[in-house]
Structure formats: C-alpha cells, structure tokens
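The following paragraphs walk through a structure, starting from an interface and ending inside a single chain. Please keep the sequence and the model open while reading.

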Amino acid sequence: MTGLFIGNNDGGNSDGDGGGGGDETAAGAPLGREALRLFMRNRAAVAGVIILVGVIFMTYIGPSLYDQDPSRIIARPLQGPGTEDVPSFGTDYLGRDVFAGVVNGGDTTLRVALVATLMIVVIGVSIGAIAGFYGGRIDTALMRFTEIFQVMPALLFALVIVTLFEPSTMVIAISIGIVLWPSLARLTRAEFLRLRNLEFVKAAQAIGASDARIMFRVMLPNALPPLIVATTLVMGTAILFEAALAFLGLGDPNNISWGYLIGQNRGSVLGGWWTVTFPGLAIFFTVLSFSLIGDGLQDAFNPKLRGR
Amino acid sequence: MLGLVLAVAIISFTLLHIAPGDAAVVIAGESGSGDPELLAEIRQLYGLDDPFVTQLGSHLGRVATGDFGQSYRFNESVVSLISERIWPTVLLGITAIFFAVVVGIAVGVYTARRPESWASHLATILALVGFSIPVFFLGIELIILFASVLDWLPAGRMRDLRFEGNFIQRWIDIGEHLILPAFTLAVLYLAQYSRQTRASMLETLQSDFVRTARSKGLSERTVVYKHALRNAVIPVITLAGLQLGTILSGALIVETVFDWPGLGRLAFESVLARDAPVLLALLMLSSVLVILANLATDVVYRLIDPRIRVGGAST
Amino acid sequence: MRISVMRLLALLACLGLLAAACGGSDSDSAGDDAEASADAEVEEAMDDEEPADEPEPEPEEEEEEASEPEPADEDEQAVDTTLDEEELEEIESDDAEAGAVDSGPIAGGSLLIGSTQVPRHLNGTVQSGLATAVPGTQLNASPLLFDENFNPQPYLAESWEVAEDGLSVTLNLVQGAVFHDGEAITSEDVKFSIETAQAGHPFKTMFAPVTDVETPDDHTVIINLSQPHPAILLAMSPGLLPIIPEHIFNDGTPVAEHPRNTEDFVGSGPFRLVEYEAGSVIRMERFEDFFIPERPYLDEIIIQISPDPASIVLGLEGGDIDMSTTLGSAANIIRVRDNDDLILTAEGHEAIGPVNWLEFNLEDEVLSDVRVRQAIAYAVDRDFLSDVIDQGTTFPVTTGIVPASPFHNADAEAYAADQDRARELLAEAGYADGELSLAIDYIPPGQQATAEYIVQALQDVGINAELNVSPDFPSWAGRVAGGEHQLTVNQVWNWGDPVIGVHRTYLSSNRVGAIWTNNTGYANDEVDALLDAAGQEVDRDARIALYADAQAIIAEDAPIHFLSTSPFWMALNPRVQNPPIGIWGSMSPMLDVWLAE
C-alpha cells in the first residue's frame with residue numbers, strides 16, 4: 001500500500017511526458033469541456049462516479065433513512081446475516097448492528113480522507129510550485145526536504161505519529177497528510193519546471209506580474225490536469241491508509257469509521273466473517289470509485305493516450 | 001545522502017522524544033510494573049534524565065559506530081533482533097515483487113496487444129480491484145478461504161516448528177507458508193506493474209521508431225518483443241526496484257495479518273510497545289534501503305539503456 | 001540476447017501460473033486426504049471431548065501482553081459448578097481413555113504451545129507475568145510445587161518447616177540436583193535467588209518481610225522473617241521463585257538486564273533452552289540430568305508466539321498447535337469449544353485469579369463523591385457483561401478477591417444492576433440528566449468491548465460518557481499510574497494469596513505512581529489496618545474474617561466496581577495427556593505431561 005507514494009509519483013511523471021499534450025498555450029475552459037465530454041464517454045469512469053454518488057448518498061442520506069444508532073447494543077453478539085430478528089448484515093462482536101455501522105462509518109472515513117487530501121494538496125502544491133518555479137538552490141533545498149519524508153516508510157511513520165499522540169480523527173488525518181504529500185510535491189514541481197520556460201509564463205513575467213501571481217494564477221491552472229488526477233488517486237490512498245491504521249487498532253472509537261469497524265472486529269473474525277467483510281467492501285468500493293474516476297480523468301485530459 | 005540519513009535519524013529521534021509518555025514507565029511496565037526506585041534506576045541506566053541534546057548526541061554517536069542500543073521490550077540488542085527478523089522480510093518481499101514483475105509484465109503485454117479482448121477487460125478490472133482493495137482485507141479473506149474453509153494452506157507463520165526433513169523439504173515447507181502472504185503483498189504491485197507495462201507498451205507501439213521498425217518489414221513479434229517490450233519493461237523494473245526499498249512499509253500489514261516473523265511485524269509491535277530503540281533503527285534502516293534501492297535502480301537503468309538518465313527517481 | 005531474456009521472463013510467467021494452478025490442485029487433494037484421515041481419527045479416538053460451556057474473555061489477552069499477566073482464573077467452583085464438572089469429566093474421560101489404550105505414559109514427543117504473550121526475557125526472579133512464567137517454569141525449578149488444594153509439595157526442597165512463631169522457614173534441598181551446565185544447585189543459589197527477587201521482582205510484598213537468608217550447609221536454607229508471613233510458602237512457587245545460578249548472575253550486571261536471561265541460558269528446571277527468537281520462538285529440550293528420575297516425559301516443548309489469537313485458533317484446528325491459554329476473544333473460545341476435535345477447559349490456574357473491574361480515580365472532583373460512584377456501580381450490569389457481551393466466557397464477581405479463594409466474601413454489597421437507583425443517587429449528588437460527563441479509559445485493545453458497554457450503560461442513566469482511547473498499553477499505564485484518568489476498566493490478578501495480589505490495590509501506603517498499585521487514591525485507615533493484620537495472621541479462619549471485613553468496607557466505599565473474572569480457557573489437542581491444570585496451570589513445570597499416539 002505504501003509503495004504507492006513512489007508508484008503514483010512515477011506514474012504521474014511518465015504520464016507527464018505526454019501530459020497536457022496539445023495545450024502548451026494557456027488552455028482552460030475548452031480543455032475542460034472536451035475533457036468532460038471524453039470523461040462521460042468513458043464507461044468505467046462513469047461507473048466510478050455512480051459508485052461514488054451511491055457511497056455519498058448512503059453516507060449522508062442513509063443514516064436518516066436507516067435510523068439505528070451504530071454504537072447501540074441491539075442483539076446478542078456475532079449473529080450472522082439471516083438470523084432471525086437480526087439486521088440484514090448481522091451483529092458485531094458486541095451485538096451492534098453491522099449495517100448501521102457501514103451506513104454511519106462512511107462519514108468519518110471520508111472526512112479523514114478529505115482533510116488529509118486537503119493537507120496533501122496544500123503542502124504538496126505549495127512546495128512543488130515554489131521549487132519548480134524558482135529552481136536552483138531553493139529547488140534543491142526543498143527537494144532535499146521532500147526526500148526526507150519520502151524515504152521514511154510511510155505507513156510506519158504514520159503509525160508512529162498516531163501512536164505517539166492519540167488516535168483521534170484529526171491526528172489520524174494529519175498523520176496521513178504528513179506522509180503522503182511528497183508525491184504531489186514532486187509532481188507539481190515537474191509540471192512547474194516544464195511550464196516555467198513556456199512563452200506565456202515569460203510573457204507574464206515581462207509585464208511585471210508578481211511571482212505569487214504567476215505561480216498560482218498563470219502556471220497552476222495549466223498544471224491542473226495531472227494534479228487533479230493525482231489528487232483523485234490520493235483520496236483513494238488516504239482512505240486505504242485510514243483503514244490500515246484502524247485495522248492495526250489505531251482508530252477513534254468515538255467516531256466510527258469503516259476501518260475502525262474492521263479493526264474492532266478483527267479479533268472475532270473467525271466467529272463472524274460479516275463483521276469485517278461488509279465494512280471492507282465499503283472501503284473497497286469507495287477506493288475503487290476514486291481509482292476509476294482518476295483513470296477516467298487521466299484519459300480525458302490526455303486523449304492521445306486513450307485506451308490505456 | 002548521508003545528510004538524508006542523518007536528517008531521518010534526527011527527525012525520528014526528536015519525534016519519539018517529544019511524544020507524551022515516559023520511556024521509563026514503558027520499560028518498567030515491561031518488567032512487570034515497578035516502583036519509583038525502579039523508574040529512577042531505569043532512567044539512569046538509559047540516560048533518560050539527560051538533556052535532549054545530550055541524548056540526541058549520544059544516540060547519533062552510537063549509531064555512527066553501529067550500536068543501536070538495547071530493545072526496551074526484549075532484553076536483547078537491537079542489531080541482533082533486526083538481524084534475526086530481516087531475512088523473513090527479504091524473502092517475502094523479493095518473492096512478492098518477483099512474482100508481481102513477472103506476472104505484471106505478462107499481463108501488461110497481453111492487454112496492450114489485444115486491448116479489446118475479454119481477457120484484457122478482465123485484467124484491467126482486476127488491476128483496478130488489486131489497486132483498490134485494502135491489503136489487510138484481502139489477507140483476512142484469503143485466510144478465511146484458504147486456511148479456514150478449504151484448509152489448503154497454512155494461515156500464517158513462516159515454518160512448521162516441528163517439521164523435520166532435509167534441506168529441500170524444509171524449503172518446501174517454507175514455500176507453502178509463503179504462498180498466501182507473498183500473493184497478498186504482490187497484488188498491489190501486480191496491479192501497478194500490469195498497468196504500467198500496458199501503458200508503456202501502448203505508447204511505444206505508437207511511437208515513431210516502432211513504426212519505422214514495422215515499415216522496415218520486421219515481424220510483429222520482433223517489433224513487440226524486441227523493441228517495444230524492452231522500452232516498456234524499463235519503467236516497471238524501476239518501479240519494482242524502488243518498491244523493494246519500501247518493502248518494510250508494504251510488509252507491515254501483510255506480516256501482521258499472516259503472523260510472518262519479519263521486520264514489518266516487529267515494527268508494528270515496537271510501535272505499540274513504544275520500543276524506541278528498535279523503532280529508531282527500523283526507520284533508519286528503511287530510509288537507507290530506499291536510498292540504496294534508488295541508487296541501484298539508477299545503475300541498473302543505465303545498464304539497460306545508457307541513453308536515458310533517471311530523473312525524478314534519483315535521490 | 002535481450003530477446004531471450006524477455007522470452008525467458010514470459011516463459012517463467014507461464015510456468016509460474018501453471019505451477020500455481022497445479023500446486024493448487026495438488027494441495028487440494030492433499031488437503032482432502034488429510035482432512036479425511038483427521039476425521040476418521042477423530043471418530044475413532046474421540047467422542048468425548050466437548051468442553052465447557054464457558055469461554056473466556058478477552059481482556060486478558062492484551063493485558064498480559066502488557067506485562068502483568070493476566071488471564072484468567074477460575075471461579076468455576078464458586079460460580080459455575082455445572083460447567084466445571086462437565087469439564088472435569090471430559091478431561092478425566094480423556095485421560096481414562098488414553099490410559100486404557102496405552103496403559104501408561106509414553107516418554108518422548110514434542111509439545112507445541114501457542115501463545116500471544118511476548119516475554120521480555122525468561123528470568124522469573126525479576127519479571128512477573130505469564131509470558132515469562134510459562135517458559136520460565138520449564139527452564140528453572142523452584143523450592144516448592146503446589147497441589148490443587150494450595151498445599152505445598154516437594155520440588156527442589158525435599159522438606160521444609162515453618163517455625164512455631166512463624167518467623168523463619170527452613171528448606172532442605174534435594175541432593176544431586178544440578179544446573180544445565182552441570183554445576184550443583186546449592187543453598188547459596190537459593191539465597192541468591194530470594195535476594196534477587198526481593199530486590200527486583202515487581203511483587204514487593206512476596207519477600208518484603210525477609211530479613212536475611214542463612215545457609216548453614218549446601219543443602220539447608222533458613223529464611224528469617226521480620227513478621228509472620230502467610231504467603232511465604234506460596235511465594236516459592238515455580239512462577240514466583242525460580243532458582244537461578246549464582247555463579248552466572250552474580251557478576252555485577254543488574255539481573256533484570258542480564259544478557260544470560262536469554263542467551264546461553266543456564267537453568268535448574270526440567271527443560272533447557274535450545275532456541276530463542278525474541279518474540280517468536282522458544283524451543284526447550286528435555287534436560288537429561290534433571291533431579292527427578294524419568295521426568296519430564298516430553299522430549300521437547302516449543303512455545304510459538306503469535307500476536308494474533310486467531311492464528312493460534314487456526315493452528316489448533318489444524319493440529320499444528322497442541323495447547324494454548326491465550327485464545328483471545330469470546331468468539332474464538334466458543335469456536336474452540338464447538339470444535340469436536342479440540343478440548344476446551346477452564347480448569348487450572350486457580351491461583352492466578354484475574355479480576356476485571358471498573359475503577360474510579362477518587363482524586364477526580366466528581367468521582368470523589370461516593371454517591372456518584374455507587375450510581376455508576378448500579379448502572380453497570382455485570383451479569384449482562386458476562387452473559388451477553390462475553391458470551392458466558394467470564395463470570396461475574398462482586399469483590400476484589402475471586403470466588404475461588406477461601407478469602408472471598410460473598411456477602412459484600414454487590415450493587416446489583418438497578419438503573420432507577422443509579423438515577424436517584426445521581427440526583428442526590430446534584431446531577432440532573434445529562435449534566436455529568438465522564439471519560440472511560442481501558443486497557444487496549446482487549447477491554448474495549450467492556451468499556452464500550454459501560455459507555456452505553458452510563459448513557460442509559462443520563463451520564464454523558466465517552467471513551468478515552470490509549471493507542472497502546474504503555475500509554476494507558478502511564479495515564480492511570482499518573483492519575484490522569486477519571487474511570488478505567490482494569491484487570492488485576494489475585495496471584496494466589498491476597499498479600500501478593502490484593503493488598504497492593506487498597507493500601508494507602510502503596511500509592512506510588514506505578515501501574516497495578518493503588519491507582520484509585522483510595523485511603524481508609526480501617527482497611528489499611530485490616531489488611532496489615534491479615535498479612536501477618538497465620539490462622540486461616542482469623543484471616544478469612546479480617547478479609548471479609550475489609551471487603552465489606554471496600555464495597556461500601558466503592559472505589560472500584562467489580563465486574564468479572566476470566567478463567568484461563570485452555571485449548572488442548574486431545575493427544576495431550578495430564579495437561580497442566582493445577583493452581584498455577586501452564587505456569588508450572590510440565591513434568592507429567594505426555595502425548596498419546
């Protein structure tokens with residue numbers, strides 16, 4: 001799982017070769033519309049969107065339709081699906097409703113992933129942009145800094161952070177952010193290095209635009225396609241990290257998440273496969289939806305490489 | 001590069017130092033609770049009362065001479081602990097990555113050549129599944145299926161402790177234990193490699209030099225296997241090399257799920273036990289591995305194709 | 001050149017796939033065969049197992065890990081007679097059957113024990129806990145053994161005598177006993193071991209009254225006490241006082257940090273260490289020169305350490321593991337119970353007596369009010385916890401001394417579940433519905449189920465309760481030892497005699513800031529006096545009376561709400577004969593264990 005940080009990065013780079021192909025001048029809206037059209041023609045990507053919408057619906061509308069407190073003990077423990085008077089997904093090791101857990105667990109999972117992703121984007125893009133834009137010593141220094149985080153084993157590093165502080169939702173999100181930002185920083189840097197020497201950037205400099213303005217108003221929009229793809233995939237990775245940490249026992253019991261449900265019921269897995277299987281499937285489908293969407297976006301932004 | 005290792009050492013030491021909690025209490029707890037006198041003794045023994053900078057300095061000094069201290073949790077030196085646990089991880093990691101590379105490339109080539117066949121679609125979907133499935137979830141489900149329900153394979157550990165047999169039989173025993181964890185670990189990599197191979201193949205097959213080769217009348221086989229594949233394999237090998245460096249992280253969950261006696265499990269247990277000396281050593285070891293993997297990949301890369309230099313990957 | 005490499009790769013891939021496919025089908029049929037034969041055997045050999053009806057809880061598992069040990073206990077006698085008897089029958093019938101078939105113990109064989117417990121090292125003079133004691137008692141002998149009625153039996157000491165006034169104990173050691181390196185075991189070694197334990201063992205009360213140890217000759221030891229000490233003989237049990245070689249450990253290195261605690265181990269016990277992989281494998285071989293002739297029967301004992309109890313259960317089911325007392329969750333225990341090929345018993349380990357409880361930090365402003373504590377006690381239903389949450393694998397207890405102990409007071413206030421009474425008391429204390437907020441700690445991760453139930457039970461009487469999570473044992477121990485908590489679920493072991501395992505929790509003088517001492521801040525002069533008196537009282541009935549009073553007062557003050565005791569559920573492969581079901585269970589030398597077949 002943690003191999004991803006390099007995997008994504010390299011994948012991104014190799015795409016980057018052809019990335020933005022064709023839009024070497026400031027692109028923007030037309031590209032967006034074209035990309036949307038291509039995206040919508042991609043059946044897998046549309047399936048991803050549908051799954052994601054389903055997940056969001058379940059997570060944010062579901063609890064009001066299925067009104068069962070996931071932390072209430074409602075029956076004997078470990079009653080399987082199909083047992084009489086037991087909810088459809090069975091009960092967990094305490095006698096709580098697994099289905100209610102699945103319905104309510106998505107909120108925390110998605111929240112952790114969102115906060116972590118936001119952090120990754122802010123840190124990664126800022127550092128990558130500055131390094132790529134200024135180059136030289138600043139670039140070297142920032143990349144050395146990035147490497148420190150990149151050579152640390154990501155999951156172990158996150159695990160250490162969560163253990164040393166506390167397994168609260170916020171600490172978990174931050175720890176994931178801390179270990180996953182380098183890939184985005186490198187990708188951003190690569191994009192900025194490429195854009196830096198293009199005509200329209202030079203033009204902006206010539207008319208005296210500030211560095212910040214050039215970086216974030218002129219260059220960033222042109223670097224967006226690969227960044228959007230990477231961000232989508234990072235969402236999926238962040239969810240997997242949250243789940244992995246929770247599986248290892250580092251979840252926040254006051255905020256039930258899918259990973260937490262699995263971590264909790266891990267000790268009883270031999271007594272009830274359903275306790276881990278349903279939350280596991282929820283995680284799987286959510287991550288899958290992000291992967292599908294990411295793939296679809298990549299194809300849409302790089303029509304040349306369609307069919308990959 | 002040394003600077004990088006030093007930075008990792010300093011950051012991890014600082015992190016473990018500023019964390020709430022008292023190392024002496026941990027050590028005392030490990031020896032079965034304890035009283036204030038014992039705590040004081042332990043603090044003195046491990047130098048826990050010294051100022052932070054002194055502790056950091058003496059830690060770095062010792063590390064420089066290859067002394068990583070004593071594990072808090074085990075009455076044993078960190079070096080001997082790690083040297084006991086490293087081989088299972090190496091075995092697991094190399095098996096998994098080798099399997100993933102071989103199968104990943106095969107699948108990638110096939111799907112690139114016949115993109116519209118049903119097998120290709122299936123492979124594409126499976127790759128996405130492999131990419132999206134939580135490793136521990138896959139591991140647990142495999143244990144339930146193959147070890148518990150079907151009872152074909154051992155559920156965990158690396159060998160049968162009472163197994164008696166000759167050298168080859170012992171390795172067969174280990175091999176049986178290796179199948180599930182190695183497969184689980186390989187799935188993620190496999191998904192990446194097949195996608196990567198496929199993408200590179202497609203790209204290469206459309207490129208000018210392949211078109212030239214075709215126009216020269218070379219057979220499709222030669223074009224695909226001699227020219228295109230060689231180019232397509234390079235990024236996969238690169239990726240695999242780099243990931244071998246991060247194997248500790250990848251193995252952490254798999255080793256925990258399958259009770260594999262390697263460094264990943266040791267790392268996880270050391271985190272829970274707050275075994276700082278072991279953790280510090282593992283973080284450093286892992287960083288060094290990543291750096292070495294980068295260097296090695298760089299070298300191999302140049303050997304395969306002297307024209308290309310690795311950009312982003314070199315550290 | 002490169003082409004061929006690529007072809008080779010492709011070929012390998014194909015071969016790999018092929019091999020995988022074949023391998024699959026091979027193992028398939030092999031598996032079937034194995035299964036079939038296993039089934040057959042089972043039918044032939046065993047119809048009798050089926051174990052008990054009670055399984056056990058899971059807190060234990062973690063806890064032990066943590067360091068004190070803890071699993072379970074046994075209250076079968078008191079709580080669940082039926083079950084016990086069934087279990088007994090089972091085990092007995094087993095033995096009987098095997099005996100009939102084989103007409104006596106067979107020497108030889110290898111016993112594989114699965115455990116979640118990771119020892120720090122193997123020297124029990126300075127380390128408590130199951131993790132060290134299970135291998136430690138095989139590797140080192142102790143002065144005494146104990147029978148199922150807590151009566152001392154000869155071991156290294158062939159006879160012993162407690163002086164009239166209770167102020168000295170004389171041990172006469174067997175002749176001819178040697179350490180694994182061939183050196184004779186002498187009175188000097190016993191003296192050294194006692195002094196080491198006195199200085200370094202976490203149970204300070206065990207040898208606290210020892211003033212000095214005399215060694216008039218090589219085989220006589222006289223232990224002098226400052227006051228009568230009813231637990232002195234029990235403190236010489238295998239798990240509490242292993243005899244270690246002075247000629248190895250008396251070299252200036254602190255014993256707790258001594259490298260010989262795991263390397264080149266020289267012990268005095270029936271087995272010697274041949275392989276030690278920290279946290280993973282402990283392999284012990286029969287010691288040929290052991291001082292008891294023809295014992296042990298086994299050639300080898302291997303302890304296989306797996307952090308995950310599920311893998312132990314699967315190992316038991318597959319026949320790879322012969323014995324385990326660390327089964328983890330209630331679900332696992334029930335799975336073993338329901339497996340016809342395995343035996344589950346709650347017998348054994350009576351001396352350990354783990355008690356699960358909910359303790360209050362009396363220095364917390366809210367919880368200093370006894371009405372609040374009593375309200376919480378009424379709100380938390382221990383029967384529900386044992387019967388439903390733990391699925392019958394734990395048994396309710398109402399005081400801090402387990403029912404199996406002669407010192408248990410069954411008449412102390414029990415706080416039977418009563419939500420109305422809880423609300424009344426809260427109202428009296430001045431808290432309206434929803435006005436009181438409390439955070440509950442627990443030993444991670446084993447006690448989380450209990451803690452989660454308690455949160456719900458408190459919410460049901462209008463208290464805003466939530467969990468306070470510690471990511472690992474040391475964090476929890478740090479919080480509780482440092483008094484940073486409000487309430488915590490805890491598990492503390494009785495350790496055979498209240499002097500060793502019970503006093504430490506209540507004595508106001510034992511508020512020393514370490515875990516499993518007086519962590520509540522409880523201070524009651526009367527209780528202090530009663531416990532002090534009981535700790536010096538040699539007359540058993542008088543002791544019983546003193547402890548009864550102490551338990552009654554403690555119940556009134558409610559510094560702790562007692563929940564349950566967890567037996568040491570032991571899973572056994574039926575071929576294991578004479579399993580260790582004494583008062584110390586697996587924490588005693590397996591001299592008589594043998595394997596049928």
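Two residues are taken to be in contact if their C-beta atoms, placed from the backbone, lie within 7 Å. The model is a predicted one. By that definition, the contact between chains C and A takes 25 residues from chain C and 23 residues from chain A. On the side of chain C that touches chain A, at least two residues each come from α9 (309–317), α10 (330–337), α12 (382–389), α14 (448–460) and β16 (463–467) of chain C. Of these elements, α14(C) gives the largest share, 5 residues. Sorted by class, this side of chain C holds 14 nonpolar, 6 polar and 5 charged residues.

Among contacts in chain A with a separation of 6 or more, 72% join residues 24 or more positions apart.

Helix α7 (residues 135–149) of chain B packs against helix α11 (residues 247–258) of chain B at an angle of about 25 degrees, and their axes are 9 Å apart. Angles under 35 degrees count as roughly parallel, and α7(B) and α11(B) are therefore roughly parallel to each other. Their crossing is right-handed. From α7(B), the contact uses B:Val135, B:Phe136, B:Gly139 and B:Ile140, while α11(B) contributes B:Ile253, B:Val254, B:Val257 and B:Phe258. The contact of α7(B) with α11(B) thus counts 7 nonpolar residues, 1 polar residue and no charged residues.

Methods: Residues numbered from 1 in each chain as written. Chains lettered and ligands numbered in written order. Predicted model: local features only at pLDDT ≥ 70, side-chain atom pairs only at ≥ 80, totals over all residues. Axes fitted to C-alpha atoms, helices over the stretch in contact; angles between N-to-C directions. Helix = DSSP H or I, 4+ residues; strand = E, 2+ residues; numbered from the N terminus. Parallel < 35°, antiparallel > 145°, perpendicular 65-115°, else oblique. Left-handed = near helix turned anticlockwise from the far one by under 90°.
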